[in-house]
Amino acid sequence: MSERKVLNKYYPPDFDPSKIPKLKLPKDRQYVVRLMAPFNMRCKTCGEYIYKGKKFNARKETVQNETYMGLPIFRFYIKCTRCLAEITFKTDPENTDYAMEHGATRNFQAEKLIEEEEKRIQQEREDEELNNPMKVLENRTKDSKLEMEVLENLQELKELNQRQALVDFEGMIDQYREMEKREREREKEEDEREMKEMLDCALVKRLRDSDSDSEKEEEGSSEQSNKSGSERPTDILTTDKPTEAQGASAGGAKRAKVESWERSVGTLGGKGALGSLVVRKKPAVTTSKSSSLAGTVAPISQTDSKPETTDSTDASKPVTTQNRSSSLSLLGAYSDSDSNDSE
């Protein structure tokens with residue numbers, strides 16, 4: 001059984017490779033290949049940036065009459081992605097890199113330029129020292145002096161690092177954090193203390209206000225209770241007129257004491273609200289002695305004089321005349337009865 005993927009071809013015994021005709025192809029022929037941009041570049045025509053790794057369908061050709069140690073150099077043709085301008089670059093086997101040739105400028109090659117400059121300086125120095133021993137001595141002196149300066153600088157850096165190594169940065173950070181923590185706690189305590197003082201002041205003020213309000217209420221209630229206790233609803237019926245009028249009518253006599261029954265229903269002889277509803281009862285004729293008559297007349301006159309104090313000046317005059325006339329008529333009746341008894 002034969003293999004499916006055959007790698008070797010069968011050559012018959014009579015095969016002669018010299019009999020194979022050779023193709024007549026030009027040496028500078030071009031091939032289309034797929035490649036990526038080997039470095040960052042910028043188009044000179046439109047300024048478009050082409051970054052490393054950008055894929056192109058490029059044309060490849062072999063550079064004529066240019067080799068490096070028998071190795072051929074290849075040239076590639078690509079087009080700008082924006083303006084379709086042609087850009088060419090070729091291989092650089094000496095530096096294992098690519099070299100920009102036409103249509104664009106290479107970016108970010110400062111390191112390469114520095115390396116090339118160092119190589120050039122080193123080559124010039126070697127050329128000078130080749131036939132000049134004094135130049136060799138001078139260069140060695142400069143190198144030794146530069147090396148000593150470098151060592152001194154390195155020693156200073158080591159000492160500085162040792163001084164800094166003695167510093168405990170972690171301890172400093174912890175101390176700073178502890179200070180911040182204490183500061184925050186102190187501020188918190190101050191805020192709490194101020195808040196407590198404000199609350200205490202507000203509470204004291206509120207208690208004082210409530211105490212003053214309660215005292216005012218107690219005073220008002222006590223005054224109202226005293227007023228209500230001293231005054232009764234029926235006292236308006238027994239309110240007296242000013243004593244000046246009574247003094248003028250009664251000759252400066254002192255005001256009599258108001259009895260309890262007069263305080264509740266008022267005086268009988270007054271012309272108030274109840275004075276018109278009460279009818280005075282006439283005294284009955286009794287057979288008493290003249291000595292008792294005088295004792296009887298005195299309280300009647302006193303009782304009759306009481307309404308004078310309660311009424312006004314104008315109302316007290318007719319009541320007084322009426323009382324006098326009634327007392328005279330009683331005296332006359334008593335005297336007639338005594339005379340009849342004596343007969």
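**Exercise 1.** Is Glu190 buried, partly exposed or exposed?

*Solution.* The model is predicted. Step 1: the relative accessible area of Glu190 is 31%. Step 2: buried means under 20% and exposed means over 50%, with partly exposed in between. Step 3: Glu190 is therefore partly exposed, given its relative accessible area of 31%.

**Exercise 2.** Determine which salt bridges involve Arg186, and where the partners lie.

*Solution.* Step 1: Arg186 forms a salt bridge with Glu183, and the closest N and O atoms are 2.2 Å apart. Step 2: Arg186 also pairs with Glu190, where the closest N and O atoms are 2.7 Å apart. Step 3: locate the residues. Glu183 and Arg186 both belong to helix H3 (residues 169-230) and are three residues apart, about one turn of the helix. Glu190 and Arg186 are likewise both in helix H3, at four residues apart, again about one turn of the helix. Step 4: consider accessibility. Arg186 is partly exposed at 39% relative accessibility, and Glu183 is partly exposed at 34%.

**Exercise 3.** State how many salt bridges the structure holds, and describe the one between Lys90 and Glu66.

*Solution.* Step 1: the structure holds 14 salt bridges. Step 2: in one of them, the side chains of Lys90 and Glu66 meet, with an N to O distance of 3.2 Å. Step 3: this pair links distant parts of the chain, since Lys90 is in strand S6 and Glu66 is in strand S4, 24 residues apart. Step 4: compare each value with the cut-offs. Lys90 has a relative accessible area of 18% and is therefore buried, whereas Glu66, at 28%, counts as partly exposed.

**Exercise 4.** Describe the largest nonpolar core and the elements that supply residues to it.

*Solution.* Step 1: the largest nonpolar core has 15 residues, and those with the most contacts inside it include Leu35, Met41 and Phe89. Step 2: strands S2 (41-43), S4 (55-68), S5 (71-79) and S6 (86-92) each supply at least two residues of this core. Step 3: examine one member. Leaving aside residues up to four places away in sequence, Leu35 touches Lys54, Lys55, Phe56, Ala58, Phe76, Ile78 and Phe89. In soluble globular proteins, nonpolar side chains tend to be buried together.

**Exercise 5.** Identify the residues that form a nonpolar patch on the surface, and locate Ile20.

*Solution.* Step 1: the patch consists of Tyr11, Phe15 and Ile20, which together have about 330 Å² of accessible area. Step 2: Ile20 is found in the segment before strand S1 (31-36). Step 3: with 47% relative accessibility, Ile20 counts as partly exposed.

Definitions and conventions
Residues numbered from 1 in each chain as written. Predicted model: local features only at pLDDT ≥ 70, side-chain atom pairs only at ≥ 80, totals over all residues. Heavy atoms only, no water. Core = buried A, V, L, I, M, F, W, Y, C linked by side-chain atoms within 4.5 Å. Buried < 20%, exposed > 50% of the residue type's maximum accessible area, 1.4 Å probe, protein only. Contact = heavy atoms within 4.5 Å. Patch = residues over 30% accessible without salt bridge, like charges linked within 9 Å, V, L, I, M, F, W, Y side chains within 5 Å. Areas by Shrake-Rupley, 256 points an atom, 1.4 Å probe, with all protein chains shown as cover. Salt bridge = Lys/Arg side-chain N within 4 Å of Asp/Glu carboxyl O.
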